[in-house]
Amino acid sequence: MIYQIPWIYTPARTALAIWHQLTKTPIPELANCSVLMRERSRVEETIHAIQRAGAGSLQVIADFDMTLTRFAHNGKRVPTTHNILDSPLLINEDCTRKMRKLLSTYYPIEIDASLSVEEKLPLMVEWWTKVHELLIQQRIRKDMLAQAVKESSAMLRDGYKVFFERLAEQQVPLLIFSAGVGDVLEEVIRQNHVFHPNVHVVSNYMDFDQTGVLQAFKGQLIHTFNKREGALSHAAGLSELQGRPNVLLLGDSLGDLTMADGVAEPQNVLTIGFLNDQVEERKESYVNAFDIVLVKDETMDVPNAILRNITSCRDK
């Protein structure tokens, strides 16, 4: 019996493409009902290209609030790092009332698909500047932050431990880029026992005086829609990110897509967007912007599956 091998009579480039297609490891999680993709073939090709290059060429850049943390649990919103500060341990009732009023005013603007980034920018600066001014007035004590986090209902997404630990084991840098409060963010991941040496955080950090009382916030305000500037200024200073041109980017806002702009000479960038809220209004814009969109998915199942594929199945 004679078996015909189809690529013997095809050009070398076509044969190589067929070979790569045959040797790909399938990722069943991409068929989950929560997954939307504009171009599945492009997603698979990007994953395979990163896989061939190996973990040594990869860095992961992620937003924190509502990306690494859950959006909701049992029908109730999970607090962001700013929301965690809304605790009687740290602020009074008047400050709580004012912060919640600001949230109800500005959050709908942040997620309004009908407004451009340019229209949202000054309003986001206005929002978070007002919030930070309120927090400074409260003279928050640094030594109370850990207890406030412990008493909060903050939750990382299901599967977070596998995510953090695989990256640490493979020595893949994780750059967390957050418009939240860095001091609170660090405490959340520390209390979940996943603050490994490969984790780097760029965020809004509190500035405490010598007695441990909040007196200001450090540096330029980071908000949802100015992460590009932060990426360009901070990424160059992290030597661990050099020589890693492949990127897995995770976010929950269209503004998060600029977090990889600081990567020098990027080769393969795969973007994953968590669509947590106002799904029908924002679905089209997310599918057009992100490579993979996860709709109301409170887990890290898909990112973990992709990382498992990239780090455990490398073509020689």
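Predicted model: local features only at pLDDT ≥ 70, side-chain atom pairs only at ≥ 80, totals over all residues.
## Overall make-up

The protein has 11 helices and 11 strands, and of its 316 residues 52% count as buried.

## Strand β9 and its neighbours

Strand β9, which covers residues 246–251, has 6 of its 6 residues buried, so it is largely enclosed by the rest of the structure. In a regular strand the side chains alternate between the two faces of the sheet. In β9, Asn246, Leu248 and Leu250 point one way, while Val247, Leu249 and Gly251 point the other way, and all of these residues are buried.

Strand β9 has pairing partners in both β2 and β10. With strand β2 (residues 58–62) the pairing is in the parallel sense and extends over 5 bridges, and within it alanine 62 stands opposite leucine 250 of β9. With β10 the strands likewise run parallel, joined by 6 bridges; here leucine 249 has threonine 271 of β10 as its bridge partner, and glycine 251 stands opposite glycine 273 of β10.

Besides its bridges to β9, strand β10 is joined by 4 bridges to strand β11 (residues 292–295), and the two run parallel. Leucine 275 in this pairing stands opposite valine 295 of β11. Between the two strands the chain passes from β10 through helix α10 (residues 279–289) to β11, and this β-α-β crossover is right-handed.

## Helix α2

Helix α2 contains 14 residues, numbered 40–53, and at 1.5 Å a residue it should span 20 Å; its end C-alpha atoms are 20 Å apart, which agrees with that expectation. The buried residues of α2 are Val43, Thr46, Ile47, His48, Ala49, Ile50 and Gln51. Just after the helix, glycine 54 takes a positive phi of about 90°.

A salt bridge links arginine 40 with glutamate 44, the closest N and O atoms being 2.9 Å apart. Both residues lie in α2, 4 residues apart, which is about one turn of the helix.

Glutamate 39 forms a salt bridge with arginine 38, in which the closest N and O atoms are 3.8 Å apart. Glutamate 39 is partly exposed, with a relative accessible area of 40%, and arginine 38 counts as partly exposed at 39% relative accessibility.

In helix α8 (residues 182–191), glutamate 187 and arginine 190 lie 3 residues apart, about one turn of the helix, and their side chains meet in a salt bridge with an N to O distance of 3.0 Å. The two partners fall into separate accessibility classes: glutamate 187 counts as buried at 14% relative accessibility, whereas arginine 190 is partly exposed, with a relative accessible area of 39%. Elsewhere, salt bridges that share partners join Asp94, Arg97 and Lys98 into one network.

Technical notes. Residues numbered from 1 in each chain as written. Heavy atoms only, no water. Expected span 1.5 Å × (residues − 1). Buried < 20%, exposed > 50% of the residue type's maximum accessible area, 1.4 Å probe, protein only. Pairing = 2+ DSSP bridges. Right-handed = clockwise from strand over helix to strand, strands pointing away. Salt bridge = Lys/Arg side-chain N within 4 Å of Asp/Glu carboxyl O.
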